[in-house]
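User: I have a protein model open and I'd like to go through it with you, a bit at a time. Could you help me read it?
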Amino acid sequence: MALYEIGTSTLHHGEALQVLQTLPTVSVDAVITDPPYSSGGLHKSDRTLSTAAKYVSTGQTKEWHGFSGDHRDQRSWVMWCQLWMHECYRVLHEGGYFLTFVDWRQLPSMTDALQCAGFIWRGIVPWNKGLGSRAPHKGYFRHQCEYIVWGTKGGCAIAEHAGPYPGCYDVTVRQSDKFHMTGKPTELMEQLSLIVPPGSLILDPFMGSGSTGIGAARAGRRFIGIEVEHSYFHVARERFEQLEAQGDLFEGVAA
């Protein structure tokens, strides 16, 4: 495991569950993450395709690095989710938020895993990607939305700094802001960071290219990110360094 600290953000290069187990109990305010879905098809032959074959639209010219951990079958994926979610539950403060992205195929299983890990399931927030989203052919509805399954560790306190928060986010994917094969828009992650007060600590166990952390830093929140893939860890590190060079990196202390 490698550690990189910049501003009020800490980036870990390592496997999510192993790093999570080293974090202090009751130490973070929110988990906002986008784990591998192990999705992309209805049958085993579909799920075990390369991540590029599953998630890169036909005609895209950009070469993406693949990522691991995306070939589990349904039962092992749910069990794996419970393992890392249980660690997230441990490190969260009482009342802390847990938000995870998922697609339509894995949505029912993700809601089960969240509850099995101890969280109180609070709802589903759609993310509308826009009409540029693909469909297999003209007879299909577009795969236009992904979903944020959210819950809390215990009660959900009345927020004093903001809220209520949107029940649906309309943020399009811009190629200029895409640094990962399945990366989420930085603007979206910044908006999600607003669920906790300024200075709060946000954890992302599957950091990818760092968009959750960049969004958190822009919003004045602290950040811990974990990423196992060497290539994407360095993309995230470079993005943080660029933000620091621009003078936009959050350097404050906890509220």
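Predicted model: local features only at pLDDT ≥ 70, side-chain atom pairs only at ≥ 80, totals over all residues.

User: Where do the buried residues of α6 sit around the axis?

Analyst: T186, L188, M189, L192 and S193 cover an arc of only 160 degrees around the axis, which puts them on the same side of α6; the arc is that of the directions from the helix axis to the C-beta atoms.

User: And what does L192 touch?

Analyst: Leaving aside residues up to four places away in sequence, L192 touches I32, L99, F101, I148 and Y169, with a contact meaning heavy atoms within 4.5 Å.

User: Which residues have the most contacts inside the largest nonpolar core?

Analyst: They are F101, L188 and L192, in a core of 31 residues. A nonpolar core is a set of buried Ala, Val, Leu, Ile, Met, Phe, Trp, Tyr and Cys residues joined through side-chain atoms within 4.5 Å. At least two residues of this core come from each of β1, β3, β4 (92-102), β5 (120-128), α6 (186-193), α7 (211-218) and α8 (230-245), and α8 gives the most, with four residues. Apart from this core lies another, of 29 residues, which includes M85, C88, F98 and L107. As a general point, nonpolar side chains in soluble globular proteins tend to be buried together.

User: Changing topic to charges, how many salt bridges are there?

Analyst: A search of the whole structure finds five, a salt bridge being a side-chain nitrogen of Lys or Arg within 4 Å of a carboxyl oxygen of Asp or Glu. In one of them the side chains of K184 and D34 meet, at 2.6 Å from N to O. That pair links distant parts of the chain, 150 residues apart, with K184 in the loop between β7 and α6 and D34 in the loop between β3 and α2 (44-47).

User: Are K184 and D34 buried or exposed?

Analyst: Both K184 and D34 are buried, and for K184 the relative accessible area is 6%. The side chain of K184 also meets that of E146 in a salt bridge, at 3.5 Å from N to O. Because K184 lies in the loop between β7 and α6 while E146 is in strand β6, this pair ties together parts that are 38 residues apart in sequence. E146 counts as buried too, at 13% relative accessibility. D34, K129, E146 and K184 are linked in a network of salt bridges.

User: What about R237, which residue does it form a salt bridge with?

Analyst: R237 forms a salt bridge with E241, and their closest N and O atoms are 3.3 Å apart. The two are four residues apart in helix α8, so about one helical turn separates them. R237 is partly exposed, with a relative accessible area of 29%, and E241 is partly exposed as well, at 31%.

User: Now the backbone: which peptide bond is cis?

Analyst: The bond from G163 to P164 is cis, with omega near -5 degrees, and P164 is found in the loop between β6 (145-152) and β7 (169-170). Another point to look at is V26, which has a positive phi of about 50 degrees although it is not a glycine; V26 is in the loop between α1 (16-20) and β3 (28-33). For background, most residues other than glycine have a negative phi, and most peptide bonds are trans.

User: How do strands β1 and β2 run?

Analyst: Strand β1 (residues 2-6) and strand β2 (residues 9-13) run antiparallel, joined by five bridges; two strands pair if DSSP finds at least two bridges between them. They form a hairpin with two residues between them, and G7 in the turn has a positive phi of about 60 degrees.

User: Last one, how many helices and strands does the protein have?

Analyst: The protein has eight helices and nine strands, and 49% of its 255 residues count as buried.

Terms used:
Residues numbered from 1 in each chain as written. Heavy atoms only, no water. Buried < 20%, exposed > 50% of the residue type's maximum accessible area, 1.4 Å probe, protein only.
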